[in-house]
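Subject: Structure handover

Dear colleague,

The structure is below for your files. My notes on what was found in it follow.

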Amino acid sequence: MDQLSQNSVRDFDVIVIGSGVGGATFADYLTRANKNIKVAIIESGPYRDRSYFNQKEIEMTEIYFNRGAVVSSNMQIGVAAANTVGGSSAVYTGVSFRPPESVLEVWRNEFGLAFLTPDFVNKSLDEIEEELSIHELPESWDNQNNLLFKKGAEALGMDLKRLKINTKGCQQQGFCNLGCTTGAKQGALELQLPSVMERGVELICNAKVNKIGENKVYCSISKAPKGTISSSYEEGEYSFTADYIVVAAGVLNTPAILLRSLSELSISKENIGNYLTLHPAMNLNAVYSEEISNYKGFPKTVYSDHYSKSDHFYLETSFYYPGLTAKNIPGYGSLHSEFMKEYSKMMSILILIHDKAEKHNRISIDKKGNPQVNYILDPKAKESLVKAIQVSTKLFFAAGCTKALIPGSNKNPLVKEDMPLIEKYITTKDLNFSYSPMSSAHPQGGARMGDDPSVSVCDTKGKVYGTKSIYVCDAALFPTSVQVNPYETIMLLAKHIAVNMRNEIANS
Ligand SMILES: Cc1cc2nc3c(=O)[nH]c(=O)nc-3n(C[C@H](O)[C@H](O)[C@H](O)COP(=O)(O)OP(=O)(O)OC[C@H]3O[C@@H](n4cnc5c(N)ncnc54)[C@H](O)[C@@H]3O)c2cc1C
């Protein structure tokens with residue numbers, strides 16, 4: 001392949017920064033009806049295809065920014081996001097939720113996102129769900145972790161629902177978050193990116209965008225790491241031009257790129273990065289009476305939204321690899337290591353809290369321009385988390401677990417006989433995030449979409465207020481938390497932004 005040097009002039013109609021859910025969906029809808037639009041996707045991560053993913057936990061942390069956890073400045077929560085072609089869709093589990101109508105109502109009424117009519121939302125998501133093969137997994141696929149969750153939830157009288165997943169030909173290997181070795185997961189890597197490249201969209205990988213100006217993108221291209229698909233560009237500093245620049249670098253990096261570009265753009269930094277929500281998560285583990293095969297099979301098939309309205313949390317089934325499980329179990333020393341020895345008997349539950357969008361929770365940049373997560377969990381959300389931990393612990397024991405090492409418990413391990421006193425042992429006062437940090441795989445906000453420029457970064461077509469050519473198209477647009485796993489909602493916004501831009505280009 002010819003090597004393109006930094007002196008080559010490269011000019012595009014549209015440059016998309018980031019090849020994840022927002023960027024790839026945008027490029028797909030933009031080029032569907034008009035293959036003549038000249039589009040480039042500039043991606044900081046390497047091009048790892050399914051042959052790269054080897055299911056080895058330590059090696060595969062390379063797929064992520066900061067090896068899996070960009071930790072908040074107060075060290076209380078680590079945010080996971082992938083730095084790879086396909087973005088976080090290369091490592092997501094594929095759990096597929098439509099945005100709740102109650103959230104869309106707020107987005108329409110309080111933020112002016114009038115385009116999110118039930119008709120637009122339902123028709124668009126019907127189409128997206130069909131294209132991504134989104135479906136409920138059959139009950140015969142429930143592994144023992146899912147079966148025990150069902151047993152425990154039923155014993156406690158909790159509502160149970162089946163999750164919808166976007167897989168085709170899944171072989172139930174259970175390593176979704178380390179990349180899918182068979183390409184079953186219908187994310188950007190397998191679906192939209194191959195389609196758009198076939199239509200002539202150029203993918204420029206290992207290319208970190210440093211800053212942008214009107215119609216300009218400045219990036220550094222590095223060598224492709226071993227085992228990844230190399231690009232046709234030589235290493236070096238590049239600038240590209242385009243009529244439209246679409247920033248889709250994810251919640252950590254989209255605000256960071258905008259903040260690094262203040263000297264080039266005549267925009268105010270006032271709202272950039274603000275109103276970050278993290279859908280904070282905690283993964284809990286307990287030991288069952290005998291060996292169970294949770295590491296086999298699809299990790300998630302059922303969930304409960306029983307406490308969603310009253311206490312603002314969901315519980316989903318989950319199962320993680322040994323390193324991550326060790327991080328999720330509180331404490332250290334002999335108690336921790338004895339507990340880890342029972343990994344093959346462990347049952348696991350993922351808690352997801354609906355957090356509020358607050359101005360002080362924000363992405364800023366450090367002196368080197370790297371994103372910094374500033375996040376304090378609101379006291380009400382902390383109460384929800386404690387309630388979720390109490391309910392999950394009861395569920396473990398109702399399912400037949402014998403002991404549990406639980407964050408926020410003043411007695412550890414807890415045993416089945418402690419059931420009647422769970423509220424006494426697990427309290428808000430005892431939940432210390434320095435000891436048991438939260439995690440987040442669903443960051444949202446930071447470049448809010450809305451009709452009021454005084455509290456938003458982007459208008460209702462995704463264009464950054466005060467610019468001529470700059471758009472945002474990823475989860476950073478969310479005005480508030482969508483309160484469910486977010487990727488379908490990102491695709492919905494990406495479709496809206498792409499179709500508007502396609503029409504504008506056609507009429508220009
Ligand atoms: C482990 C894990 C499991 C998840 N499971 C689910 C799930 O089951 N269901 C669900 O709905 N959601 C899930 N999510 C969340 C979902 O993947 C994200 O919400 C979604 O991918 C975000 O889309 P995005 O376009 O905003 O960002 P991303 O998909 O993360 O894409 C951003 C892209 O921009 C690139 N980039 C960043 N900075 C630069 C730069 N300076 N220059 C060039 N490129 C840059 C990144 O490398 C990345 O490719 C999961 C996430 C993780 C991490």
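Helix α4 (residues 118-131) and helix α13 (residues 487-507) have axes that come within 10 Å and cross at roughly 110°. Axes here are lines fitted to C-alpha atoms, for helices over the stretch in contact, and angles run from 0 to 180 degrees between N-to-C directions. α4 and α13 are therefore roughly perpendicular to each other (an angle of 65 to 115 degrees). Their crossing is right-handed, meaning that the near helix is turned clockwise from the far one by less than a right angle.

In the contact, V121, S124, L125 and I128 of α4 meet E488, M491, L492 and K495 of α13 (C-beta atoms, placed from the backbone, within 7 Å). The residues of this contact divide into five nonpolar, one polar and two charged (nonpolar: Ala, Val, Leu, Ile, Met, Phe, Trp, Tyr, Cys and Pro; charged: Asp, Glu, Lys and Arg; polar: the others, Gly among them).

This is a predicted model: local features need pLDDT of at least 70, side-chain atom pairs count only at pLDDT 80 or more, and totals for chains, interfaces and linings use all residues. Residues are numbered from 1 along each chain as its sequence is written.

As for the whole protein, it has 13 helices and 21 strands (DSSP runs numbered from the N terminus: H or I of at least four residues for helices, E of at least two for strands). The C-alpha trace spans about 70 × 45 × 45 Å along its principal axes. Among contacts between residues at least 6 apart in sequence, 76% join residues at least 24 apart.

Regards

Methods. Angles under 35 degrees count as roughly parallel, over 145 as roughly antiparallel, 65 to 115 as roughly perpendicular and the rest as oblique. Two residues are in contact if their C-beta atoms, placed from the backbone, lie within 7 Å.
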